[in-house]
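Notebook open, structure up on the screen. I'm jotting down what I looked up, one stop at a time.

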Amino acid sequence: MGGIALSLLFIQLILCAELFDALQDAIEDASSLMPAQTVLMALLAYGGYFATGHQFTLASIQWSTAFVGVREMQLVVCGIIVAINTLGAFILAAVCMPLAVLWNESLGSQLLRVAPNSYFARIAGAGAVYAAYHAVVALSSAALAAWFRRHLMVWKIFAPRFMFSVPVALVSMAVVLFVAIGMATARILRMGLAVSNAQALVAQKLQMATQ
């Protein structure tokens, strides 16, 4: 069931990228849509989290997944498996975050060949908005947990929400910073270099043919 939910989440992220790409073609100031798209991708991650049967309670952690593919108890490995199972929706959304910039971009575009740094700046901006959204959620959860520290349901509602929002924010920021932005930047630089080399080679061949 969790695999189906994550597959549907991936389809939703692709459709989100396609929808905002169509909106960018329809309006003049396309850059104003980037924050809305990244926030929507973060909200889709929450939807995927709840669709996989998780909740912001300790009792909803699926501990049985710790023994999937493991013959004996290994504390580190089993902990990583549980963390991936719990935060899989947020990891998937963070990895797909560069689609807010790179969706339907041509590999041979003039901007990619001349100024690949502009793509990096846009991806970094989208990553900053994505990380800021999760940081605001974590900060608000901490503030509400402190405000309602004497509430009857503090350990039932507010404290678990804070305990889950902090790992979600940290994992999302780490994935966006080291995985999504890093991979997208390396891909952009590689594509820009390949396109530039290919065009230089074609120009050289044409010059040799004319001589």
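**Serine 165.** I started with serine 165, which is buried because its relative accessible area is 2%, where buried means under 20%, exposed over 50% and partly exposed in between (1.4 Å probe, protein chains only). Serine 165 sits in helix α7; helices here are DSSP runs of H or I with at least four residues, strands are runs of E with at least two, and both are numbered from the N terminus. I then asked which residues serine 165 touches, leaving aside its neighbours within four places in sequence. They are Ala138 and Ser141, with contact meaning heavy atoms within 4.5 Å.

**Ground rules.** I noted that this is a predicted model, in which local features need pLDDT of at least 70 and side-chain atom pairs count only at pLDDT 80 or more, while totals for chains, interfaces and linings use all residues. Residues are numbered from 1 along each chain as its sequence is written, and side-chain values use heavy atoms, with hydrogens and water left out.

**Valine 137.** Next I went to helix α6 (residues 116–147), where valine 137 is found. Valine 137 counts as buried because its relative accessibility is 14%. Beyond its neighbours within four places in sequence, valine 137 is in contact with Tyr46 and Arg161. I also checked valine 166, which is 29 residues away along the chain, and its C-alpha lies 8.7 Å from that of valine 137.

**Threonine 86.** Is threonine 86 buried or exposed? Threonine 86 is buried, because its relative accessibility is 9%. Its place is in helix α3. Setting aside neighbours within four places in sequence, I found threonine 86 in contact with Tyr49, His54, Ile61 and Phe164. Glutamine 55 is 31 residues from threonine 86 in sequence, and their C-alpha atoms are 9.4 Å apart.

**Second largest pocket.** Threonine 86 turned up again here: 17 residues line the second largest pocket, and Ile61, Trp63, Val82, Ala83 and Thr86 are the ones nearest its centre. The elements giving two or more residues to that lining are α3 and α7 (154–210). Helix α3 supplies the largest share of the lining, seven residues. I have the space in this pocket down as about 250 Å³. For the record, a pocket is an open set of points on a 1 Å grid over the protein atoms alone where a 1.4 Å probe fits, with protein on both sides within 12 Å along at least five of seven lines, and lining residues have an atom within 4 Å of a point.

Isoleucine 84 counts as partly exposed because its relative accessibility is 49%.

**Isoleucine 4.** I went back to helix α1 (residues 2–26) for isoleucine 4, which counts as exposed because its relative accessibility is 52%. Alanine 51 is 47 residues from isoleucine 4 in sequence and 9.4 Å away, C-alpha to C-alpha.

**Whole protein.** I finished with the totals: seven helices and zero strands. Of the 211 residues, 35% count as buried. Among contacts between residues at least 6 apart in sequence, 73% join residues at least 24 apart. The accessible surface comes to about 12400 Å², with 71% of it belonging to carbon and sulfur atoms, by the Shrake-Rupley method with a 1.4 Å probe.

Methods: Points joined across faces, edges and corners; volume = space filled by probe spheres on them.
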